[in-house]
Amino acid sequence: DAVNINFITEGQLTLNEVSFALKKGELSSSLPCNPDMVYMNITTQEGRRLCVCLDKHGFQVVGDDHNTITSDKDSDRNPIFETVYSLMEYISPSYHKLFSEQLIKKLTPQDK
């Protein structure tokens, strides 16, 4: 049996997970979003604006601006990533540094 994943929920959780590394991240309000597939608008720390599709295959950049599909989702032109972390490494040069900083922040005891 396949596990049923609601990609609207998964997309929002994903954006929350990497929000520290984004200038902006939101589900698309103008492209179709349903439990089987969601489009996310992402602006990287470098200012790169992208539209990313998330479905059962993974994460794929499909547009070079928010709410825009500029490449066929089924083409091999843009790679599909299994995790949001590998997608972020691919689209954002500063992601690795930001991730490391976030990890150190979480692991460092906070004075109360």
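How many helices and strands are there in the protein chain? There are three helices and five strands, counted as DSSP runs numbered from the N terminus (helices: H or I, at least four residues; strands: E, at least two). The model is predicted, so local features need pLDDT of at least 70 and side-chain atom pairs count only at pLDDT 80 or more, while totals for chains, interfaces and linings use all residues. Residues are numbered from 1 along each chain as its sequence is written, and side-chain values use heavy atoms, leaving out hydrogens and water.

**View 1. The whole chain.** Along the sequence the pattern reads α-β-β-β-β-β-α-α. The C-alpha trace spans about 50 × 35 × 25 Å along its principal axes. Of the 112 residues, 36% count as buried, meaning under 20% relative accessible area with a 1.4 Å probe, protein chains only.

**View 2. Strand β3, residues 49-55.** Here is a strand to zoom in on: six of its seven residues are buried, so β3 is largely enclosed by the rest of the structure.

View 3. Strand β2 (residues 37-44) runs antiparallel to β3, and seven bridges join them; two strands pair if DSSP finds at least two bridges between them. Look for N41, which stands opposite C51 in β3. Four residues lie between the two strands, and G47 in the turn has a positive phi of about 90°.

**View 4. The β3-β4 hairpin.** On to the next pairing: five bridges join β3 to strand β4 (residues 58-63), again antiparallel. L54 stands opposite F59 in β4, and two residues lie between the strands of this hairpin.

Notes:
Buried means under 20% relative accessible area, exposed over 50%, partly exposed in between (1.4 Å probe, protein chains only).
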